[in-house]
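I opened my notebook to look through a structure step by step. Here is what I looked up, in the order I went.

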Amino acid sequence: MRAIVNIFLKEGVLDPQGKAVHHALDALGFEGVEDVRIGKQIILKLKSLNIEEAKAEVEKMAEEILANTVIEDYTIEIVE
Amino acid sequence: MKKVAILQFPGTNCDLDTKYAFDKLGCKSEIIWHKEQKIPSDTHLVVIAGGFSYGDYLRSGAIAKFSPIMRSVKEFAKSGGFVLGICNGFQILTEARLLEGALKRNENLHFISRFQTVKVENSDNEFLKYCQEGEILNIPIAHADGNYYIDKGGLRELEENNQILLRYCDRDGNRAVVNGSVGSIAGICNREKNIFGLMPHPERAVENILGNSGGIKMLKGFIL
């Protein structure tokens, strides 16, 4: 079982990397982009077979270390 | 003679400069490897020196906060001991939630390394007691993640409790945008005023041959 954790800066916290890429896209002529947010994805291979348990465990990991919840939000997806 | 414990993580690179600065002030300073369980007894000040602990992996300071020595640092701070985090040390202190807020990637995405003027915002604390409020110091900065963030409510509290130590400024003392920090903040302390964090490197400005000695004026607050 795998857990996919996506981490992004919270809405309202300026994302300097996203802004720079947005500028670059504009410069390349891609005008249809309204906003760019850059985050990171952490993929964990888990020993657990129970989805609920795995989710609870990964949530603890996200709160403790994977994300800094002062500035970041995260989502967790469990994949068989 | 006051004892200073300087923490060293894998990737810390300002530990020797920091030791040099405190030795110059007549301290008995010691470098403490992060795997140690306890900071030495009689320690007056713990300094978390600058560098790139754990290669800045995940986020700057995110992994160092779990090193064995940090438990002892938390106890030391809780009992009123002085803790100073410089640059990566500041990042570690925010990651460990010993200081509020967080340090994000610089707004312009560059690693900024240069002398930078900063204005003393509050000097009613142990660290900056030999500085004057409004005084302008010229201190080196060298960081990629120095963009201080705190939400509006948190910022108001920092201001109301005189927790803002330094703000980036121009030569005339007007606030300057350097890395995108909220309110141009360069350094803060906790409400109890025993835990301090700043992005500038006072230990790199301790004698005139290094450009200026403004850093000594700051560091000696803990010692003299």
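**A glycine after a helix**

I began with Gly80(B), which is exposed, with 8 other C-beta atoms within 10 Å. For my notes: a residue is buried if 20 or more other C-beta atoms lie within 10 Å of its own, exposed if 12 or fewer, and partly exposed in between, with C-beta atoms placed from the backbone. Gly80(B) sits in the loop between helix 2 and strand 4 (82–86) of chain B. Helices (H or I, at least four residues) and strands (E, at least two) are DSSP runs, numbered from the N terminus. Gly80(B) follows helix 2 of chain B and has a positive phi, near 100°.

**What I am looking at**

This is a predicted model, in which local features need pLDDT of at least 70 and side-chain atom pairs count only at pLDDT 80 or more, while totals for chains, interfaces and linings use all residues. Residues are numbered from 1 along each chain as its sequence is written, and chains are lettered from A and ligands numbered from 1 in the order in which they are written. I checked the confidence next: chain B has a mean pLDDT (the predictor's confidence in each residue, from 0 to 100) of 97, and 100% of its residues reach 70 or more. For the complex, the predictor gives an ipTM of 0.88 and a pTM of 0.95.

**Helix 2 of chain B**

Which residues of helix 2 of chain B are buried? I found Ile69(B), Met70(B), Val73(B), Phe76(B) and Ala77(B). The face turned away from the buried side carries the exposed residues Pro68(B), Arg71(B), Glu75(B) and Lys78(B). The cover over the buried residues includes strand 1 (3–8), strand 2 (28–33), strand 3, strand 4 and strand 11 of chain B.

**The cores**

A nonpolar core is a set of buried Ala, Val, Leu, Ile, Met, Phe, Trp, Tyr and Cys residues joined through C-beta atoms within 7 Å. The largest has 71 residues, and those with the most contacts inside it are Leu7(B), Val46(B), Val47(B), Val83(B) and Leu165(B). Helix 2 (residues 68–78) of chain B gives the most to this core, with five residues. Apart from it lies another core of seven residues, among them Val5(A), Ala62(A), Ala67(A) and Tyr74(A).

**Helix 2 of chain A**

I then turned to helix 2 of chain A, where Val58(A), Ala62(A) and Leu66(A) are buried. They are on the same side of this helix, because they cover an arc of only 50° around the axis. On the other side, Glu52(A), Glu53(A), Ala56(A), Lys60(A), Glu63(A) and Glu64(A) are exposed. Strand 1 (2–9), strand 2 (40–45) and strand 3 (72–79) of chain A are included in what covers the buried residues.

**Loops in chain B**

Is His201(B) buried or exposed? His201(B) is buried, with 24 other C-beta atoms within 10 Å, and is found in the loop between strand 11 (195–198) and helix 5 (214–219) of chain B. Leaving aside neighbours within four places in sequence, the contacts (C-beta atoms, placed from the backbone, within 7 Å) of His201(B) include Cys14(B), Gly50(B) and Cys87(B).

Leu58(B) has a positive phi of about 70° although it is not a glycine. I wrote a reminder here: most residues other than glycine have a negative phi. Leu58(B) is in the loop between strand 3 (43–48) and helix 2 of chain B, and is partly exposed, with 17 other C-beta atoms within 10 Å.

**Where the chains meet**

My last entry is the contact between the chains, which takes twelve residues from chain B and eight residues from chain A.

Note on methods
Two residues are in contact if their C-beta atoms, placed from the backbone, lie within 7 Å. The arc is that of the directions from the helix axis to the C-beta atoms.
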